[in-house]
Amino acid sequence: MPEGRIVKALSGFYYVADGERIYSCRARGLFKKKGAKVNPLVGDWVVYDAINEEEGYVMEVGERTSELVRPPISNVDQAVLVFSMFKPAFSSLLLDKFLVHTEHAGIDSVIILSKADQVPEEEIAAIVAKYEAIGYRVIPTSTKQPRGLDEVRDILHDRISVFAGQSGVGKSSLINALFPGISLQTGDVSEKLGRGKHTTRHVELIPLAGGGYVADTPGFSSLEFADMDELDLAEAFRDFAQRSPDCKFRGCLHVSEPSCAVQEAVAAGEVSRERYDHYLQFRDELKEYQRRNKPW
């Protein structure tokens, strides 16, 4: 049977691309992976059975190199995290939460600062310096000036990239500016709620001229720490993971353990105190999530 990639999932249909042709497929039966049931995801390589030139059935899901729960997508090379500098204002707390999830999934992240024309340059420079010191690439952008668009095009070339970020930050507007032939719905920010009124409804892979795909995904208002324990959380902070081999105890959680290299780095100003405070907050959220979902 032929193979293809799922490029869109909508209302129980999986749109499988095989070369220039796309088949609208239903899933046939249950799929299992290492003993667990799995549902096909956008990004999956699948074996499909075509019943005509437009329709078919997904018969088998291939192995995944990566997988995200929110947004539901697999086999991506990088996450492009778009964060607004203005309406909604930049949130380092939410960015750190996104970075925890992409690190835990084993996916590299590029940080895009949208609406960079709306704030003083020193605000942008401080954010760039902070996250570049950790090891992330940060690209300030503006669709009005324009600014940073060529850099973003370069990082997307020949890669599968998932776009993610809070509602209303300009993900779809940025994609439209990068690739004018693509028409996507954009989210306007509500003055009262501070979040998008009209946002993307589904995940879809968009082929790029010259190679690669981008995915525009639904906006987010929260992310929970499912499928993660305390050590996973600690290791998902890249700046902590770089120093944890120097901690006295293996599996150090960097909270109250003696001779903790991370706590020492925070005290010395080598690790952001704000990032560390976010880590402690996420620990509390993780414990609360585990309490609510504890099997009885």
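Student: Which residues touch the most other members in the largest nonpolar core?

Tutor: This is a predicted model, in which local features need pLDDT of at least 70 and side-chain atom pairs count only at pLDDT 80 or more, while totals for chains, interfaces and linings use all residues. Residues are numbered from 1 along each chain as its sequence is written, and side-chain values use heavy atoms, with hydrogens and water left out. A nonpolar core is a set of buried Ala, Val, Leu, Ile, Met, Phe, Trp, Tyr and Cys residues joined through side-chain atoms within 4.5 Å, where buried means under 20% relative accessible area with a 1.4 Å probe, protein chains only. Among the 41 residues of the largest such core, those touching the most other members are Ile-73, Leu-81, Ile-111, Leu-113 and Tyr-131.

Student: Which helix gives the most to this core?

Tutor: Helices here are DSSP runs (H or I, at least four residues) and strands are runs of E (at least two), numbered from the N terminus. With 5 residues, the one that gives the most to this core is helix H2, residues 121-134.

Student: In strand E11, what is the bridge partner of Val-82?

Tutor: Val-82 points one way from strand E10, together with Gln-78, Val-80 and Ser-84, and 7 of the 7 residues of E10 are buried. Strands pair if DSSP finds at least two bridges between them, and 7 bridges join E10 to the parallel strand E11, residues 108-114. In E11, the bridge partner of Val-82 is Ile-112.

Student: At what angle do helices H3 and H4 pack?

Tutor: Helix H3 covers residues 149-156 and helix H4 residues 171-178, and their axes lie 10 Å apart. Axes are lines fitted to C-alpha atoms over the stretch in contact, with angles running from 0 to 180 degrees between N-to-C directions. The packing angle is about 90°.

Key: Buried < 20%, exposed > 50% of the residue type's maximum accessible area, 1.4 Å probe, protein only.
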